[in-house]
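User: Take me through this model. I want to know what stands behind each label.

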Amino acid sequence: MFWNRLARKSVGEPARENEVANYVEPVASSKEWLKENVVPTRAAAAAYAKSLFPFFTWIYRYNGTWLLGDLVAGITVGIVVIPQGMAYSKLAQLPPEFGLYSSFVGCALYFIFSTSKDITIGPVAVMSTLMGHILQDVLPDLPQYQDTPWVIAGCMSVVLGCIVVALGLLRLGFIVEFIPLPAIAAFMTGSALNIAMGQIPTLMGNNDAEGYDTRASTYLVFGNFFKYIGQCDINAAVGLTALALLYAIRWACGYGSRRWPQKERLFFFINTLRTGFVILLYTLFSYLANRNHRDNPKFSILGTVPRGFKHMAVPTVTSEILSKVAGKIPSAIIVLVIEHISISKSFGRINNYTINPNQELIAIGITNIFGPFFGAYPATGSFSRTAIKSKAGVRTPLAGVITAIIVVIAIYALPPVFYYISNALLAAVIIHAVGDLISTPSALKMFWKVSPFEFGIFWIGVIVSVFSSIDNGIYASVATSGALLLFRIAKARGKFVGILKVYDTPTLGPADNTGDPLSKSDGRNVFVPLDHSDGVNPWIKPQEPPSGVFIYRLNEGYLYPNAMHFTDHMVAEIKAKTRPGILNPYGSLGNRPWNDPGPRHKSETDFDSTLPVLKAVILDFGGVSNVDVTSIQNLVDVRKQLDRYADLSVSWHFVGIKSPWTRRGLLASGFGSASGQSRTLFSVANVGILAERESGPNSTSNDEEYTTESDPSHDKQGVSSSFDTLALPLLSVDCPYFHIDLDEALKATELELGLKQS
């Protein structure tokens with residue numbers, strides 16, 4: 001019945017047995033596009049609202065097995081996030097308790113809006129360092145917040161959260177895809193070097209040396225370290241031994257996992273908890289060494305950490321603060337979004353589930369909007385804690401609530417213990433954590449092998465981060481990546497293709513007694529570049545199209561940045577392989593362009609008479625997803641240019657058009673159809689149709705035709721069945737110059753030009 005309805009719609013009457021039914025494609029409509037893509041239906045609006053709270057899709061199925069996995073993962077991450085949070089808050093130039101506040105809010109709220117079970121939101125090294133640089137830059141202009149820098153951090157968090165939520169609600173998460181992996185790796189590596197170098201003075205104890213700015217550019221901090229190396233003190237003993245112990249435990253656990261694979265999970269948990277173990281051990285040493293020297297400790301310690309949420313308040317957002325931090329917002333958004341989305345996508349692929357980037361933007365945005373009410377500063381997804389959470393066997397996002405409970409317990413129960421934590425120990429923890437952000441040699445080798453240009457972009461981002469700042473490194477890597485993308489689009493070049501008859505054979509030698517491995521194969525036509533640029537065996541020479549016919553394949557989108565580049569190359573090649581249709585198309589010398597090369601009076605001997613006159617151009621649009629006004633107008637201009645050159649109306653054929661809007665644009669410009677011209681060749685699909693007829697000598701044919709799947713009761717008594725053939729054209733019959741593939745286009749061109757019998 002479906003095919004019969006289609007035939008009725010196309011031709012106005014039922015398709016008869018063994019008949020080809022016409023098909024006329026409706027023209028793309030702006031109204032229909034708006035209806036389908038902009039104006040939401042009631043069902044779409046309901047689905048959109050439901051998608052904002054993904055936890056409703058799984059919370060009712062929560063069970064004991066999931067709870068056990070979430071408990072293990074949540075407690076494990078909680079033990080890790082407590083020391084990391086306090087350490088990272090020092091990077092942000094804030095008291096250590098603010099790292100705990102940010103850890104609590106990120107873990108507590110994320111599960112409601114998340115689509116990733118592995119991500120842990122909280123303070124991270126790169127965002128914290130960037131926040132510290134922002135505070136360092138704006139506090140001189142806002143002296144009233146010198147003693148309360150968390151007010152500026154809270155304002156920044158709210159603003160960033162609102163922007164990111166807006167991006168998510170407007171479904172603009174695709175913007176993230178414009179920042180490629182090398183750019184992300186560059187700013188992560190540059191940030192890691194910046195952070196690690198900035199913590200070495202604290203690790204060695206010479207960070208308080210007069211004139212030593214540990215917030216300067218990385219290369220300056222490195223150089224000044226040796227200038228002030230003589231002022232290192234006992235903190236170096238604490239920091240270096242702690243750092244060595246952290247790496248020793250990690251190495252030992254890695255070796256143990258390889259040596260005793262049956263105990264791999266045990267070694268994983270030991271490795272995961274190494275930071276907590278080292279901090280407890282060194283805090284015990286610090287307590288024993290400084291319990292009688294609280295006013296003058298023997299080495300630098302954290303000091304008083306207030307119990308509970310002492311900084312809960314409504315965030316202060318003023319125009320004065322916004323005017324000072326406005327220039328820092330773009331880089332902060334990039335760090336906030338890129339780090340989170342790249343981590344969530346990576347672990348989604350590892351654990352075989354798909355995240356929704358738009359919903360993830362909403363999740364981190366909501367977290368950063370409400371975080372400052374509890375005293376939090378900007379937070380995003382953490383790579384190290386996410387990896388731990390994933391390996392610990394997390395089952396659902398609810399594990400974040402378990403982590404939040406652990407953090408709350410620490411906020412209220414452990415401040416007396418925090419007092420004795422060594423600052424050099426926290427520096428060791430930070431250096432150890434950010435070391436994993438540095439790109440490995442194997443990753444760099446892969447960058448070089450895949451794309452040397454992007455390998456260069458990586459080093460540009462790293463060098464700018466080291467010699468300038470993290471935010472400038474971000475801008476440099478993103479800007480160079482964008483420039484490379486635009487260059488590749490603008491300089492895209494098509495290929496002229498020829499025909500090869502290819503065969504499928506299981507062997508490369510003789511397959512039968514005839515000695516011909518291809519004798520039993522029908523073969524098929526493929527179209528490959530004439531210059532062998534696609535890697536086809538250079539011993540095989542493709543057959544060129546018929547004389548005066550050119551097949552040009554566009555390998556990229558055909559848009560305004562590259563339209564001229566495509567057509568200039570095409571026209572130049574066509575003119576090189578053809579001769580003009582008329583010797584002097586300008587008439588008198590006065591009408592001749594000044595830049596038309598000589599001779600003064602042209603004759604037939606000035607042209608290669610063996611070259612053909614241009615007759616037809618076949619454009620392969622298989623790689624073109626969209627066109628625009630500029631590119632279409634460029635095509636119109638080229639058509640006029642070639643018509644004048646050939647002194648005839650050149651035939652233009654198009655293959656593989658994917659979008660109805662591309663067809664609409666071409667039709668509007670006079671391509672695709674011509675007055676009085678009909679298809680010379682149809683590509684059709686033969687469809688078996690089951691037609692029912694009443695049994696009996698006087699029965700007549702039933703007009704209703706349908707497939708067997710449409711009515712399983714077709715074999716009921718009194719009805720006989722037989723198969724008819726309905727051949728349906730693949731493309732609209734009113735567009736004779738649009739073709740389904742190059743084979744059809746070439747055959748239609750040959751028929752049109754009289755080069756082949758119909």
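Analyst: Start with Gln 84, which sits in helix α4 (residues 64-91). The model is predicted: local features need pLDDT of at least 70, side-chain atom pairs count only at pLDDT 80 or more, and totals for chains, interfaces and linings use all residues. Numbering runs from 1 along each chain as its sequence is written, and side-chain values use heavy atoms, with hydrogens and water left out.

User: Why is Gln 84 called buried?

Analyst: Its relative accessible area is 5%. Buried means under 20%, exposed over 50%, and partly exposed in between (1.4 Å probe, protein chains only). Gln 84 at 5% is therefore buried.

User: What makes the pair Gln 84 and Arg 385 a polar contact?

Analyst: Their side chains are joined at 2.8 Å. A polar contact is a pair of N or O atoms within 3.5 Å; within protein, one must be able to donate a hydrogen and the other to accept it, and residues adjacent in sequence count only if both atoms are side-chain atoms. The 2.8 Å value is within that limit, so the label holds.

User: Which residues does Gln 84 contact, leaving aside neighbours within four places in sequence?

Analyst: Ser 384, Arg 385 and Ala 433. Contact means heavy atoms within 4.5 Å.

User: What makes Asp 137 and Lys 328 a salt bridge?

Analyst: The closest N and O atoms are 3.0 Å apart. The definition asks for a side-chain nitrogen of Lys or Arg within 4 Å of a carboxyl oxygen of Asp or Glu. The pair qualifies because 3.0 Å is within 4 Å. It links distant parts of the chain, 191 residues apart: Asp 137 is in helix α6 (residues 125-138), Lys 328 in the loop between α13 (319-325) and α14 (329-350). Asp 471 joins Asp 137 and Lys 328 in a network of salt bridges. The structure holds 10 salt bridges.

User: Is Asp 137 buried, exposed or partly exposed, and why?

Analyst: Asp 137 counts as partly exposed, because its relative accessibility is 39%.

User: Where do Lys 117 and Asp 118 stand, buried or exposed?

Analyst: Both are buried. Their side chains meet in a salt bridge of 3.1 Å, N to O.

User: How do you know which strands are at the edge of the open sheet?

Analyst: Six strands run in the order β5-β4-β6-β7-β8-β12, with mixed pairing. The edge strands β5 (524-529) and β12 (738-739) each pair on one side only. Two strands pair if DSSP finds at least two bridges between them. Phe 654 stands opposite Phe 738 in β12.

User: What makes helix α26 mostly covered?

Analyst: Eight of its 11 residues (742-752) are buried. Among them are Leu 742, Glu 744 and Leu 746. The buried residues pack against β4 (495-502), β5, β6 (549-553), β7 (616-620), β8 and β12. Helices (H or I, at least four residues) and strands (E, at least two) are DSSP runs, numbered from the N terminus. Gly 754 follows α26, with a positive phi near 75°.

User: How many helices and strands does the chain have?

Analyst: The chain comes to 26 helices and 12 strands. Of its 758 residues, 46% count as buried.
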